[in-house]
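I open the notebook here. The entries below follow the order in which I looked things up.

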Amino acid sequence: MREGGGRLARTELAKLSERVSAARREVEARGETFYPGPSRVHLASYPPKERWDDWVELDSRAWPERVEKRYMLVPTTCFNCESACGLLAYVDRETLAVRKFEGNPEHPGSRGRNCAKGPATLNQVTDPDRILYPLRRAGKRGEGKWVRVSWDVALDDIAARIRRAILEERPNEVMYHVGRPGEDGFTERVLAAWGVDGHNTHTNVCSSGGRTGYQLWMGLDRPSPDHAGARVILLVSSHLEAGHYFNPHAQRILEAKQRGARLIVVDTRLSNTATHADYWIAPHPGSEAAVLLAIAGHLIRTRRYDREFVRRWWNWQEYLAREHPGGPQTFEAFEQVLAQLYAAYTFEFAAAESGVDAAVLREIAEVVAGAGTRLATHTWRSASAGNLGGWQVPRALFLLNALLGAVATEGGTYPNAWNKFVPRPIYMPPHPPRWNELTWPPEYPLATNEMSFLLPHLLKDGRGRLEVYFTRVYNPVWTNPDGFSWIEVLTDEHLVGLHVALTPTWNETAFFADYVLPMGHASERHDLHSYEQYDGQWIAFRQPVLRVARERLGEQVADTRRVNPGEVWEENEFWIELSWRVDPEGRLGIRKYFESQRRPGEKLSVDEYYAYIFEHSVPGLPERAAAEGLTPLEYMRRYGAYELRRGIGPLHEEAVPPEELEDVRVDARGRVYTRSPAPSSPNIVPTGSPEPDAEGRRPVGVEVDGRVLRGFPTPSGRLEFYSATLAEWGWPEHALPGYIRSHVHRGALGPDQMVLISTFRLPVQVHTRSANAKWLDEIAHTNPLWIHPDDARRLGVGTGDLVRVETEIGYFVVRAWVTEGIRPGVLACSHHMGRWKVGEVGQRQMMATVALDRSEGRWAMRQRSGAGPYTSADPDTLRIWWTDVGVHQNLTFPVHPDPVSGQHCWHQAVRVRRAAPGDRYGDIAVDTQQAHSVYRAWLALTRPADRYSPDGTRRPYWLMRPLRPTKDAYRLPGRRTEPVGAPGG
Amino acid sequence: MGDAGRRGAADPPAELLRALAALAEPPGAAQARIGDVLGLPGTPDPAEYTNLFAFQLYPYASVYCGAEGMLGGEARDRVAGFWRALGRIPPPEPDHLSALLALYAALADQEAEEPDRARALLRRQSRKALLWEHLASWLFPYLDALERIASPFYRRWAALLREALAVAAGALGPPDGMPLHLRAAPGLPDPRAHGAAAFLHGLLAPVRSGIILVRADLARAAREMGLGLRIGERRFVLESLLAQDPGWTLAWLAREAGSWVVRHRAHEAATGPVAGFWAGRAEAASRLLGELASCAPAV
């Protein structure tokens, strides 16, 4: 055959192709699509963006007639899990109602794809049981009687109480407790404007174990694995199906797999993720770090680590100087010590701890060793959130990256802040001047986040009270351990003066509120966010889509309540309005942070708020928008997302420019300090903030081989293999990546005890956030107890049998599901199910109706009825066929605060037996006095700041902290701050 | 998908194939713009597009590679299987020309972006398999047929696409074997053994007869033979011609098959055994038709 086409033809074709490429670049630069769509040419089916104003589809309900429906496509982002995947709302041009949600192809993270929860947003919007108007309780708290009130009544009452607390110098009595994240830092700034250290999160029942491990290594508390570019992906989680950033990560993991990448999954349970793995190992819960350290030990023993990376970027000099001051201070000496440190972590040791065969571990270690710098790793909740010392799991996992030099490399793992962009807002209120010990008690100086789940216990212990307590899209009664203790304090008006539940839908905590205020779902609110989902930086915009649709038709909508269902409000407008009512004349210095800059004296509008951000704080966006003849705000309203950069690369290797190097001092280990002020950055992504030197110079970089490089935001500027922070704050034995035996270690279990894993998600649900989405509820609505056939045989139970699971403080009764998908000796029960209501008010698709019985500290719950069909505006509610909505196991768990990270350690040592006569499905019994004893036992494990602080402060200042107060507030009462580990020391 | 200028590895460039793929879609502003960039004469006319792609020459591999000569069936399943083998979800019409060309372009992009040489080679193998199994196996005769009835705009499009495919075939090398579609296709049945219905069915199935008979061809046949043209689907038209004058019609068909032999042979330099297969089928058809014509009753 001839060399096809001949030289002349080939040249001509190449020229033609280049002309097409040039034309395409030009067209796409204008924001238009070059190829028509929905188009086979893109191998995807998304409406082309130039047709989003008037998109025509055939009405499926009119089939077989071909009836055209015209839509306006308005982007927003999903509000179910944290990933903030892009959605396109299909707004019917005729009725101006949202007809469906599909993926937004312009969103760089999710790239037009969604999991089941995204499209199910429509169910939440049209949920017949949702809260549409502000409600105030009519009887006693928790009695279930409500009256509708106006927003004005609610706002005035709440604002007056907040104002009084501030004026009476009781700012710590105002607390905001957040579940599902909204906009990075928005409410923190509201609280800062009020001068209140009242921010509380759910993080310590979620990810603070993971965060602690990452932060101690790199000064940043989240990983950003570049899955798509990886050669080997190692997950300590069920990440592909349900983990954090599930959809954005899953699609990239599968891309890597298609390219031939190997997937290793460490998960005691056969998750959907595990079924996709090349290697799945199911270790005994709590032994994960031992497994990872054995792999690390193998890399060290066989010298298959990246010596140059370790030499240049680990703080091995600091380690030698502090721990081996008498020995040679050379890298070669460190390598010898390193080998000794991990010599005991053999495959045989790991096999004995984990129950996984040593030969399998060796094989996996070889796969990891072959990854080179393309090893993407991730853990988040899972083992980190399950175990005492779980924070060492991410520390051990990241050790593998640090050994291989797979840090901020293609296919490696990045520090999250490098793949995240939080634009500077219009106002940055100052740090609050006081420290709140209800959220940051002195026993937990190293906790990564607020000790949120201890709030009832701290209140019961008389450590404070709350005048106004907001729960915002958060359900601690149901989500947190020891929910009955939450009910006890929420029903005590001396401890909680006013409880305001901000929520789109009913939840178990809102039942115990004074006000229930309806907030918006994904298509009914504003938020701006950015998440680390690949090696790039993007922002995405959640917005009230009906407001945008009406504005496209020429209407002006200043108040989102006008277009949302009922009187559902969006939060930004709510907080601005509330802040004005707290400080109507501006005398408290609060109002100025909520005033218009364009029209002084008037309220800041959300349009001005976001217009400022998009015009001033997002590099490249104004130019990109201008190329399409749009303002930056119009651009974001139109497309919903903007990618600032792709291919960030290793920022730690960037040279610090000379203009930042004024009157420089370099300490003995290479940390570089400068007098030059930090250049203003539009990106205010949270990072560690290492302290200045004794003369006030700020840390600017680190000297590596004679060059000043940017490094990491740790005290040493390097990756901290050795954590001087841990050593100085009372935990020297854990200063290196290591293995802490869990509270559910086999040696700690009684002969008749098993481990219960309760942290796993169901792929289509996300905590209580996704509930009453009918499509999702039909798929997943119950939570049987996973039990291995060997254990089932021993206990004499079969699938469907009722079993009683006894914890330290009570028991729950559930049905068994006998499966080989769980390790023998281990039980599993998803925490996603077991929703309940006491009376008629509440969700009817996923909540059982229960009877609660309380006698002093003894509580009992019994299900009176399950779900069932009911009449509503949605005919589908008559088709509900399921009755079983699961069992609320979390009620029977006591708190297990890890003494270092503060993470609640979820795994439970339990006894399981056949249900007793009289036991009924869903029965719960709990002794909250016993729960309080367990709390005290774990509290005794701590090393409090007032005894262990090396410098008279409450907490290492360099560690990240939401809503950081002033530095003065860090000082322990009655203690002077003293410099510790001073630079150059 | 990036531009070929930056990568520049595929031959022909992926972007060109993507642009040519877009032109097999119903014309709109985007097609007019692409046509202009490619220097095609005039603008695409929606009415002509409908005539070409919806009435005369359906742009689906299954029509030309399937034993039934119709949309769908086993031939389409084979194409869908190819998508799945690549780890992709087959689109609703996996064998549509645009989809296949876009897939080819996507594979070329992936190959160019693949840093690992071994994996890039695998991508190249996939691309080569796609070319020979599902593009070159039918597109050369298809484009020949289209050129004969199209306006200058689509004639030039067909010529460019043929040239691009020829370049691709040259760059990727000859097929490792005869494409499965072609290997699996039965020959044209002899009506004397299998009946007239099977014969007509086979005659209208390109992969069996080696010839592509479009509506325009049958209209031309009627015109050239001075026979009446009855309006209907192709088989009905053909039957009516045969009924009017079987000898003349069979002789005309034999000549038509002969002219397809020449067309197929012209592609042997580019597609080697594939062109040989098509030419062989057309030769056999011509021979059989000639025999049948010689013994057909005079009218």
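Which residues of strand β17 (residues 515-518) of chain A point one way, and which the other way? I looked this up first, keeping in mind that the model is predicted. A:Tyr515 and A:Leu517 point one way from β17(A), A:Val516 and A:Pro518 point the other way, and all are buried.

Next I looked up the partners of β17(A). Strand β5 (residues 135-137) of chain A pairs with β17(A) in the antiparallel sense, over two bridges. There I find A:Leu135 with A:Val516 as its bridge partner. Strand β16 (residues 496-503) of chain A pairs with β17(A) in the parallel sense, over four bridges. In that pairing A:Leu517 has A:Leu502 opposite.

Entry on strand β7 (residues 174-178) of chain A. I find β7(A) mostly covered, with five of its five residues buried. A:Val174, A:Tyr176 and A:Val178 point one way, whereas A:Met175 and A:His177 point the other way.

How many bridges does β7(A) form with strand β15 (residues 466-472) of chain A, and in which sense? I count five bridges, in the parallel sense. A:Tyr469 in β15(A) is opposite A:Met175. With strand β8 (residues 199-201) of chain A, β7(A) also pairs in the parallel sense, over three bridges. Here A:His199 in β8(A) is opposite A:Tyr176. I then traced the chain from β7(A) to β8(A): the path runs through helix α4 (residues 186-194) of chain A, and this β-α-β crossover is right-handed.

Entry on chain A as a whole. I list 28 helices and 34 strands for its secondary structure. The radius of gyration is 28 Å, close to the 30 Å that the globule rule gives for 985 residues, so chain A is as compact as a globular protein of that length. Its C-alpha trace spans about 85 × 80 × 75 Å along the principal axes. Of the 985 residues, 58% count as buried. Among contacts in chain A with a separation of 6 or more, 72% join residues 24 or more positions apart.

I also wrote down the domains of chain A: domain 1 (1-30), domain 2 (133-198 + 435-520 + 569-586), domain 3 (219-278 + 288-294 + 305-419) and domain 4 (746-939). Taken over C-alpha atoms, the centres of domain 1 of chain A and domain 3 of chain A are 45 Å apart.

Entry on chain B. It has 19 helices and zero strands. I compared its radius of gyration of 20 Å with the value near 19 Å that a compact globule of 299 residues would have, and the two agree. The C-alpha atoms of chain B fill a box of roughly 70 × 40 × 35 Å along the principal axes. Buried residues make up 50% of chain B. For contacts in chain B with a separation of 6 or more, the share from residues 24 or more positions apart is 62%.

Conventions. Residues numbered from 1 in each chain as written. Chains lettered and ligands numbered in written order. Predicted model: local features only at pLDDT ≥ 70, side-chain atom pairs only at ≥ 80, totals over all residues. Domains from an automatic or database assignment. Buried ≥ 20, exposed ≤ 12 C-beta atoms within 10 Å, placed from the backbone. Pairing = 2+ DSSP bridges. Right-handed = clockwise from strand over helix to strand, strands pointing away. Rg over C-alpha atoms; globule rule 2.2 N^0.38 Å. Contact = placed C-beta atoms within 7 Å.
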